[in-house]
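This briefing goes through the strands and helices of one model. Please keep the sequence and the 3D view open while reading.

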Amino acid sequence: MAMDIAHRDYLEATLHGFLGATVLLLCVLAELFILASRRHAALYLVPVAATLLCSRARRRAAAADIGLLDFACLKPRRRLRIPVAALLEHFRLIGCFDGASVEFMTKVVEASGMGNETYFPPSLHCIPPAATHAHAVEEAHMLFFPTLDDLFARTGVAPSAVGALVVNCSGFCPAPSLAAIIAHRYRMRADVKTFNLSGMGCAAGVVGVDIARRLLLTHPALGYAVVVSAEIVTVGWYSGRDQGKLLLNCYFRTGCSAALLTNNARGVVKYRLASLTRTNQTANDRSYRAGYRDEDDEGITGFTLGQGVGRMVSELLRAHLVTLSLSILPWREKLRYVVALLRSSSRQRLLADNSKAAGSGNRTSVSVPLPDFRAAADHFCLPSSGRPMIWRLGQGLGLGEREMEAALMTFHRFGNQSAASLWYQLAYLEAKGRVRAGDTVWQLGIGSGLKANSLVWERVAGHDGERHLGPWADCIHKYPVTTET
């Protein structure tokens, strides 16, 4: 069976390569013919344009074949709940934090918008916390297995039918790998393609979907791919006194998601992948150092948010949104945005000329307009980095409170679960019954590196207004809660 799949994949890859080489050869021959016949110069653009259009149409057709069959999110056991008051008391009792550190974390938690129903793994309920390798592996089992059991039960797809498995977890990379732990537990087939992503932050979920998408497109016989997103909080715990490293203790909580993708989007799928965009600024030194794991002066390892990270994220988003806008904005909004940019540029030049004529050295700037992203997507899943950051990002994108509601309420209920948070937000929207046939959902993840990644899903007909409560089953009626901005 494995040999047949390998042969089929090889033949399909060879065929695609042959077709690509043939198109390129025809383009070159057409250019040579135009050159030899001394035609008008404008005709030189015709073969190139035709080739680009064919390539774009081929990529769009391929992308349209990727669908999301379903996804699942973990609902941790209630005994793992950590109310805010208990968390702050926990900080005081552990003994590793001084008064200044406790005061700092108290202020962060109280201002974050986090509620009383978030979860810690068993190891962090201990005094002092038991952040060992064995506890981290135990947490991984606790996260992965119930989530995947739920996913396979809901979709009816057997683990043996999965052709690719992608697992992303930033801070924990054991041997055997997390992907191997899952493949072993479910006795997946011998030729399953497994990938283990680490150190990529909250944007890793989109990277995982991109890997799964490419595998399904280049190896059609794989059929199904599973993308698992989680953060092992046990090893992310920081017990030192560096305030730049204490933020993870305040924000990150237990959670896990699993998504099942297929290359047969014409079948019974819930969402169709409409767009996938990835942008990174890793080559920029300041961006690279904006978030990193290192040791403090006492030799204690923790994750640091560098100085100026907000400014670097803003620069990253500007670059990312330019690329993303080209693919998801409707033409009407694109034209409106171009006109607004031209007017802004004209006003900027006029102010500069007037400033020169008046002999003033003061430079007056005109705010650069933003596209109306509400015209590009119906629903939004944003990075769960606390209420102040969610508000700042949402307002920067021109979103209102309703568009930010899924992110705000997910952080309030579950905290930050790294890349899995985007799926908890989608589960919130489904539990509210807001996602209807034809609606688009934009998932935006920002991770270390820095990188900004986006997925845009389109709800498929047949799931119109369907409600699946998932991890929100016992509390969706309580949301949205009233929060102060």
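**A helix across the sheet**

Helix H7 (residues 204-218) lies across E2, E3, E4, strand E5 (256-262), E6 and E11, where contact means heavy atoms within 4.5 Å. H7 runs at about 170° to E4; axes are lines fitted to C-alpha atoms, for helices over the stretch in contact, and angles run from 0 to 180 degrees between N-to-C directions. Helices (H or I, at least four residues) and strands (E, at least two) are DSSP runs, numbered from the N terminus.

This is a predicted model, in which local features need pLDDT of at least 70, side-chain atom pairs count only at pLDDT 80 or more, and totals for chains, interfaces and linings use all residues. Residues are numbered from 1 along each chain as its sequence is written, and side-chain values use heavy atoms, with hydrogens and water left out.

**The sheet**

- Nine strands form an open sheet with mixed pairing, in the order E3-E2-E4-E5-E1-E6-E11-E10-E9; two strands pair if DSSP finds at least two bridges between them.
- At the edges are strand E3 (193-197) and strand E9 (379-381), each of which pairs on one side only.
- From one strand to the next, the twist averages 25°.

**Pairs within the sheet**

- Strand E2 (residues 162-168) and strand E4 (residues 224-230) run parallel and are joined by six bridges; Asn168 has Ser229 in E4 as its bridge partner.
- Strand E1 (residues 67-73) pairs with strand E6 (residues 271-280) in the antiparallel sense over two bridges, and Leu68 stands opposite Tyr271 in E6.
- E6 also pairs in the antiparallel sense with strand E11 (residues 451-459), over nine bridges; here Leu276 stands opposite Leu455 in E11.

**A hairpin**

- Strand E7 (residues 291-295) pairs with strand E8 (residues 301-305) in the antiparallel sense over five bridges, and Tyr292 has Thr304 in E8 as its bridge partner.
- Five residues lie between E7 and E8 in this hairpin, and Gly299 in the turn has a positive phi of about 80°.

**Two packed helices**

- Helix H14 (residues 401-414) packs against helix H15 (residues 421-431) at an angle of about 110°, with their axes 9 Å apart.
- H14 is therefore roughly perpendicular to H15, a term for angles of 65 to 115 degrees.
- Residues of H14 in the contact include Ala406, Met409 and Phe414, and those of H15 include Tyr424, Tyr428 and Leu429.

Note on methods:
Angles under 35 degrees count as roughly parallel, over 145 as roughly antiparallel, 65 to 115 as roughly perpendicular and the rest as oblique.
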